[in-house]
Amino acid sequence: MLEFQRFSYDVLVIGAGGAGLRAAIEAAARGIKVGVVCKSLLGKAHTVMAEGGIAAALANVDDRDNWRVHFADTMRGGQYLNDWRMAELHAKEAPECVHELEAWGALFDRTIDGRILQRNFGGHRYPRLAHVGDRTGLEMIRTLQDHGIHTGMEVHMECTVLSLLLDSGRIAGACGYDREKGLFYLWQAKAVVLATGGIGRAFKITSNSWEYTGDGHALAYRVGAELKDMEFVQFHPTGMVWPISVRGILVTEGVRGEGGVLRNKEGRRFMFDEIPDLYKHQTADNEEEGWRYTQGDKNARRPPELLTRDHVARCINREVKAGRGTPHGGVFLDIAWINERMPKSAEHIKRKLPSMYHQFKQLADLDITKEPMEVGPTTHYVMGGVSVDGETQMSSVPGLFAAGEVAAGLHGANRLGGNSLSDLLVFGRRAGRYAADFAKDNGSVTSDESQLQAVLTAALKPFDYGSTGENPYQVQYDLQESMQDLVGIVRTESEMERALGIIEQLAARADRVGIPGHRQYNNGWHTALDLPNLLTVSEAITRAALFRKESRGAQFREDFPDKDPDWGKCNIVVKRGADGAMSVEKRLVQALPDELKAVIEEMR
């Protein structure tokens with residue numbers, strides 16, 4: 001019988017990014033025992049890569065902003081497939097969460113009179129993003145970590161969760177292993193909060209870090225939770241395209257918020273060519289007006305570079321396919337041009353965008369104060385995830401909660417930039433609160449020893465094949481290439497059907513992967529154990545995208561290029577059938593209450 005170390009908690013939080021830390025802080029504040037498991041080191045979560053800011057209607061820069069405008073912007077950006085209650089709570093509670101972060105020590109940029117400064121971002125009507133230069137996510141993690149470690153939470157770093165555990169249909173904890181030592185762990189818990197982030201490593205070109213292998217999505221799916229909106233994968237318009245070694249690394253939307261413009265190889269600002277009807281009345285139709293907007297002119301409309309990410313990414317893709325791209329297959333993002341409009345522009349750019357300046361200088365030997373950047377779409381975020389209750393963040397599995405990118409609902413068909421960080425704070429706090437309440441209201445749980453042994457036996461299977469088995473790195477690479485080419489920005493039925501066939505073949509190969517050596521410091525073993533999760537989320541994305549026969553938000557079907565009003569009333573839900581096969585079904589979007597319908601009409 002395989003041995004494992006045992007730990008017992010009231011609430012177990014899986015993930016130590018913004019959502020996980022905020023959930024753990026909230027749960028611990030309610031006087032219960034909290035454990036946190038993270039795949040990397042504490043403080044190294046992918047949240048640090050969120051650069052532009054936290055969306056919250058503080059109205060510090062433009063007094064016309066309020067929660068109603070933020071709510072309407074979020075719903076419009078999500079093509080009205082959002083969970084309206086989550087969008088309402090998010091818009092109302094985000095300002096309080098930002099002030100809470102400030103009280104815990106976050107050092108935001110300031111207005112002249114000392115209030116938190118806010119910047120423009122795509123899809124937001126007014127300057128709404130509270131920021132710390134272009135390093136906002138890093139400041140958030142530092143603040144939450146410093147505050148959280150004093151709450152008494154126990155942190156298990158560099159550990160991977162292999163399976164969630166059930167006791168008579170409710171969550172009973174999780175089991176996994178220490179990535180450094182290879183030891184197996186059991187974390188018994190009355191409630192579990194998933195805060196594991198996204199799925200970007202299923203694609204070849206991504207801004208996501210190595211941890212983003214769809215762990216939380218797959219863990220929840222395997223114990224019976226529903227996944228929703230999985231077809232909606234956001235391709236951020238601006239990732240680095242050169243050098244090839246850094247292809248996909250994020251270039252913050254803050255560059256465009258500070259006046260950066262997109263040009264094709266001919267030097268033309270192509271974003272003026274196509275402005276969606278939904279946004280025409282809010283979007284500048286000339287360069288002069290767009291510039292005035294970025295400089296705070298309340299009478300100006302935003303430039304088309306600040307349209308929603310799905311639209312900007314498709315426009316860039318169009319220019320490249322038409323042969324109007326840059327030498328390395330992207331377009332030019334130019335912030336240096338503002339020296340025509342602003343004295344001492346180089347100092348201004350370095351002050352506003354310090355990380356971007358250093359990133360391009362060090363990685364591409366390019367000075368963004370003098371030269372344009374080459375950028376292109378990169379897999380960035382998944383709007384889909386675990387279907388949760390809007391109030392409590394609990395899934396359909398009792399005791400299993402989810403918050404942040406692993407949870408679905410807030411963003412609908414497309415996320416607005418900056419809404420991710422406020423999502424982490426608002427719903428991390430709610431998940432922690434209601435998970436603690438669930439743990440207090442429900443009795444202890446027991447673990448099924450046979451289930452545990454089965455999980456651990458499966459985890460060691462790659463060592464049985466040794467060096468004669470399939471190479472896990474090659475299987476992962478083949479999956480990433482297939483998803484990038486066949487289920488990427490532009491989709492067709494024939495290509496996605498091919499992708500499903502390839503995923504099935506890769507699943508068979510993944511079942512035969514072999515690893516030489518032992519369990520200590522074995523990155524090949526880690527990769528082998530990530531594969532089932534990557535394959536699960538890839539299949540879910542592909543099946544949902546095939547099922548939605550229209551183009552909406554982040555989903556663009558070349559064979560169904562228009563929106564279908566009937567599909568605009570439905571979310572797609574993916575779940576595991578009794579036979580173990582993946583099933584896909586439509587589910588009607590919950591109708592808006594009359595008072596929120598009135599808000600949307602008022603803000604059109």
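## Sheet

Two strands count as paired if DSSP finds at least two bridges between them. In this predicted model, strand E13 (residues 331-334) and strand E14 (residues 373-382) are joined by three bridges and run in the antiparallel sense.

E13 and E14 belong to an open sheet of four strands, ordered E11-E14-E13-E12, in which the pairing is antiparallel. At the edges are strand E11 (233-240) and strand E12 (261-263), each of which pairs on one side only. From one strand to the next, the twist averages 45°. Strands of a sheet pair through backbone hydrogen bonds, in either a parallel or an antiparallel sense.

## Helix packing: H3 with H11

Helix H3 (residues 84-103) packs on helix H11 (residues 419-441) at an angle of about 90°, and their axes are 8 Å apart. Angles of 65 to 115 degrees count as roughly perpendicular, so H3 is roughly perpendicular to H11.

On the H3 side, the contact is made by Met86, Leu89, His90, Glu93, Ala94, Glu96, Cys97, Glu100 and Leu101. They meet Asn419, Ser422, Asp423, Leu425, Val426, Phe427, Arg429 and Arg430 in H11. By class, the residues of this contact are eight nonpolar, three polar and six charged.

## Helix packing: H2 with H16

Helix H2 (residues 67-77) and helix H16 (residues 594-602) pack at an angle of about 85°, with 9 Å between their axes. This angle makes H2 roughly perpendicular to H16.

H2 contributes Trp67, Arg68, Phe71 and Met75 to the contact, and H16 contributes Leu596, Val599, Ile600 and Glu602. Six of the residues in the contact of H2 with H16 are nonpolar and two are charged, with no polar residue.

## Backbone exceptions

Most residues other than glycine have a negative phi, and most peptide bonds are trans. The following residues depart from those patterns. Trp242 and Pro243 are joined by a cis peptide bond, with omega at about 0°. Pro243 is in the loop between E11 and helix H6 (254-257).

Ala59 is in the loop between strand E3 (54-55) and H2. With a relative accessible area of 17%, Ala59 is buried, because the cut-off for buried is under 20%. Lys344 also has a positive phi, near 55°, and is found in the loop between E13 and helix H9 (345-352). Is Lys344 buried or exposed? Its relative accessible area is 69%, so Lys344 is exposed, the cut-off for exposed being over 50%.

Ala545 is in helix H15 (residues 523-547) and counts as buried, at 0% relative accessibility. Leaving aside neighbours within four places in sequence, Ala545 is in contact with Glu231, Arg491, Met496, Gln555 and Arg557. Arg415 is 130 residues from Ala545 along the chain, and the C-alpha atoms of the two are separated by 17 Å.

Gln282 lies in the loop between E12 and helix H7 (287-294). At 9% relative accessibility, Gln282 counts as buried. Which residues does Gln282 touch, not counting those up to four places away in sequence? They are Arg76, Arg125, Arg301, Arg302 and Met603.

## Cysteines

How many disulfides does the structure hold? The number is zero. A disulfide is a covalent bond between the sulfur atoms of two cysteines. The cut-off used here is a pair of cysteine sulfur atoms within 2.5 Å. For Cys175, the closest cysteine sulfur is that of Cys159, at 12 Å, so the two are too far apart for a bond.

Cys175 counts as buried, at 0% relative accessibility. Cys315 counts as buried as well, at 2% relative accessibility.

Note on methods:
Residues numbered from 1 in each chain as written. Predicted model: local features only at pLDDT ≥ 70, side-chain atom pairs only at ≥ 80, totals over all residues. Heavy atoms only, no water. Helix = DSSP H or I, 4+ residues; strand = E, 2+ residues; numbered from the N terminus. Axes fitted to C-alpha atoms, helices over the stretch in contact; angles between N-to-C directions. Parallel < 35°, antiparallel > 145°, perpendicular 65-115°, else oblique. Contact = heavy atoms within 4.5 Å. Nonpolar A, V, L, I, M, F, W, Y, C, P; charged D, E, K, R; others polar. Buried < 20%, exposed > 50% of the residue type's maximum accessible area, 1.4 Å probe, protein only.
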